[in-house]
Amino acid sequence: MHILLQFLLLVLGFAMLVKGADWFVDGAAGIADRFGIPQLVIGLTIVAMGTSAPEAAVSITAALKGSAAITIGNVVGSNIMNILVILGITSVIITIAVGQSTVRYEIPFMLCMMILLMIFGYTGGNINRLEGVMLWIAFIVYLTYLFFMAKNNKEVEEDGKKKPIWMLIVLAIVGVTLIVEGSDVTVNAATEIAKAAGLSDRFIGLTIVALGTSLPELVTSVSAARKGKADIAIGNIVGSNIFNVLFVVGTTALITPVLFEANFLIDSVIAIAAGVLLWVCVFKKHKLNRTGGILMLLGYVGYFIYLMV
């Protein structure tokens with residue numbers, strides 16, 4: 001009966017995620033149109049931070065409880081999942097257009113921050129408070145860049161029937177709430193099922209929990225791409241990965257030093273390699289098509305086999 005209940009909760013969690021993502025994309029995209037904010041900026045900020053809420057909640061709560069060691073596994077695992085699985089699946093379903101600024105600035109910045117995280121962790125065996133402050137300074141610089149991007153790239157609002165602004169805000173808030181709560185229900189149910197199947201904690205952390213906390217990115221990106229909001233789809237993933245490193249790890253490190261176990265070095269290298277693969281796939285044509293998506297999914301299959309060995 002316990003396992004049956006967990007499977008039912010798993011289905012409920014997925015349903016909450018799908019509906020929440022649908023409403024969240026509608027609300028966020030509508031707000032962007034109403035205020036003339038570029039869709040990419042909305043994807044890199046509001047959508048990225050909203051869908052990264054599970055990673056932030058898991059890591060910061062763990063730090064407050066004295067278990068900050070899970071932060072790196074959660075963040076690195078989620079970043080690998082975001083690129084190889086989320087963008088892989090989304091681009092197999094529909095080709096994702098990638099803006100020039102994303103190719104020139106956001107993806108390279110994401111790669112630099114993941115490399116910085118690996119260097120911080122590997123050199124000292126943990127991410128200390130000073131390094132947490134440095135990550136937060138980089139986060140403020142990133143937000144400043146986005147502010148000026150939004151200020152200098154106003155979009156013209158399209159004519160046509162528009163939902164009231166209060167309705168768009170309600171849709172976005174209810175949507176992100178369903179996403180976060182649905183992710184929590186899904187992660188808990190999947191973890192219970194995995195433990196019943198006798199899977200290890202590291203395997204559960206880098207796969208099931210990482211997938212669970214990345215589910216908001218998956219359903220939001222697929223929903224955005226299908227609605228023709230490609231900038232939100234790509235901005236969501238790149239922004240989430242930057243947010244995971246700078247805000248999630250940075251904030252956790254301000255609370256307590258974050259342990260960087262030796263075996264996370266390979267995982268970090270794989271996360272950086274995934275980012276490089278994304279950059280290579282979109283560098284020339286500024287789009288991520290089915291071929292790139294298949295390459296990413298094959299890359300994750302290889303990583304999954306490595307974890308199983």
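**Buried positions and the enclosed space**

Tutor: Ser91 counts as buried, at 1% relative accessibility; buried means under 20% relative accessible area, exposed over 50%, and partly exposed in between, with a 1.4 Å probe and protein chains only. The model is predicted: local features need pLDDT of at least 70, side-chain atom pairs count only at pLDDT 80 or more, and totals for chains, interfaces and linings use all residues. Residues are numbered from 1 along each chain as its sequence is written, and side-chain values use heavy atoms, with hydrogens and water left out.

Ser91 belongs to helix H4. Helices (H or I, at least four residues) and strands (E, at least two) are DSSP runs numbered from the N terminus. The side chain of Ser91 reaches the backbone oxygen of Leu87 at 2.7 Å. A polar contact is a pair of N or O atoms within 3.5 Å; within protein, one must be able to donate a hydrogen and the other to accept it, and residues adjacent in sequence count only if both atoms are side-chain atoms.

A search of the whole structure finds one cavity of 30 Å³ or more, and the largest cavity holds about 50 Å³ of space. The helices that give two or more residues to its lining are H4 (70-93), H5 (100-124) and H10 (264-283). On a 1 Å grid over the protein atoms alone, a cavity is a set of points where a 1.4 Å probe fits but cannot get out, and lining residues have an atom within 4 Å of a point. Grid points are joined across faces, edges and corners, and the volume is the space filled by probe spheres set on the points. The lining consists of Val75, Val76, Asn79, Met114, Leu117, Met118, Ser268 and Ala271. By class, it has six nonpolar, two polar and no charged residues. Here Ala, Val, Leu, Ile, Met, Phe, Trp, Tyr, Cys and Pro count as nonpolar, Asp, Glu, Lys and Arg as charged, and the others, Gly among them, as polar.

Met113 sits in helix H5 and is buried, with a relative accessible area of 9%. Its C-alpha atom is separated by 7.0 Å from that of Ile242, 129 residues apart along the chain. Ala210, in helix H8 (residues 201-226), is buried at 0% relative accessibility; its C-alpha atom and that of Gly77, 133 residues apart along the chain, are separated by 5.3 Å. Leu44, in helix H2 (residues 39-51), is buried at a relative accessible area of 1%, and 8.3 Å separates its C-alpha atom from that of Ile234, 190 residues apart along the chain. Ala28 lies in helix H1 (residues 2-35) and counts as buried at 3% relative accessibility. The C-alpha atoms of Ala28 and Ile46, 18 residues apart along the chain, are separated by 7.5 Å.

Helix H6 (residues 129-152) has 24 residues and reaches 35 Å from its first C-alpha to its last, close to the 34 Å expected; the expected span is 1.5 Å times one less than the number of residues. Its buried residues are Glu131, Gly132, Leu135, Ala138, Phe139, Tyr142, Leu146, Met149 and Ala150. Asn128 caps the N-terminal end of H6, with a side-chain oxygen 3.1 Å from the backbone nitrogen of Leu130.

Some partly exposed positions complete the account. His286 lies in the loop between H10 and strand E4 (287-288) and is partly exposed, with a relative accessible area of 26%. Most residues other than glycine have a negative phi. His286, although it is not a glycine, has a positive phi of about 55 degrees. Among the cysteines, Cys112 is partly exposed at a relative accessible area of 43%, as is Cys281 at 21%. A disulfide is taken as a pair of cysteine sulfur atoms within 2.5 Å, and by this rule the count comes to zero disulfides.

Technical notes
1 Å grid on protein atoms, 1.4 Å probe; cavity = no way out; pocket = protein on both sides within 12 Å on 5 of 7 lines; lining within 4 Å.
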